[in-house]
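Thanks for coming. I have one chain to go through today, so please look at the sequence and the model first.

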Amino acid sequence: GEHHGDAVAEVRARHPDGVDVLLDNVSADNFAAHAPLVRAGGIAIGTHEPQPEAPAGVRGHLLLSWERPASFAAVIRLVEE
């Protein structure tokens, strides 16, 4: 969206070494731009098909219908890992 670039710049400014976990539940289109914010060893979770293409060293995980309690529990498990 219009503020997409601002959001990426803001995360980079606050977390210059990258973030451990990305949960992108907004759009499939922006996932490719958001995933590089995750540092190596982290996980990038997308909620839109197809399977997220994560950068090298980052685990990509597809989670459909994440609003369900069971799916939210799965997010918590992934974050804890």
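Is Leu23 buried, partly exposed or exposed? Before I answer, a word on what you are looking at. This is a predicted model, in which local features need pLDDT of at least 70, side-chain atom pairs count only at pLDDT 80 or more, and totals for chains, interfaces and linings use all residues. Residues are numbered from 1 along each chain as its sequence is written, and side-chain values use heavy atoms, with hydrogens and water left out.

Now Leu23. Its relative accessibility is 31%, so Leu23 counts as partly exposed; buried means under 20% relative accessible area, exposed over 50%, and partly exposed in between, with a 1.4 Å probe and protein chains only. Leu23 lies in strand E1.

Next, the overall layout. The protein chain has 3 helices and 3 strands, and the order of elements from the N terminus is α-β-α-β-β-α. Helices here are DSSP runs of H or I with at least four residues, strands are runs of E with at least two, and both are numbered from the N terminus.

The strands make an open sheet in the order E1-E2-E3, with parallel pairing. Strands E1 (19-24) and E3 (59-62) each have a single partner strand and stand at the edges, so one side of each has no neighbour in the sheet. From one strand to the next, the twist averages 10°; the axes are lines fitted to C-alpha atoms, and angles run from 0 to 180 degrees between N-to-C directions.

How many bridges join E1 and strand E2? There are 5, in the parallel sense, with E2 covering residues 38-46. Two strands count as paired if DSSP finds at least two bridges between them. Val21 stands opposite Ile43 in E2.

Moving on to the loop between E2 and E3, that is where Thr47 lies. Thr47 has 10% relative accessibility and therefore counts as buried. Its side chain reaches the backbone oxygen of Asp24 at 3.3 Å.

Last, the totals. The protein chain has 81 residues, of which 32% count as buried. It exposes about 5,200 Å², with carbon and sulfur atoms supplying 54% of that area, by the Shrake-Rupley method with a 1.4 Å probe. Among contacts with a separation of 6 or more, 17% come from residues 24 or more positions apart, where contact means heavy atoms within 4.5 Å.

Notes
A polar contact is a pair of N or O atoms within 3.5 Å; within protein, one must be able to donate a hydrogen and the other to accept it, and residues adjacent in sequence count only if both atoms are side-chain atoms.
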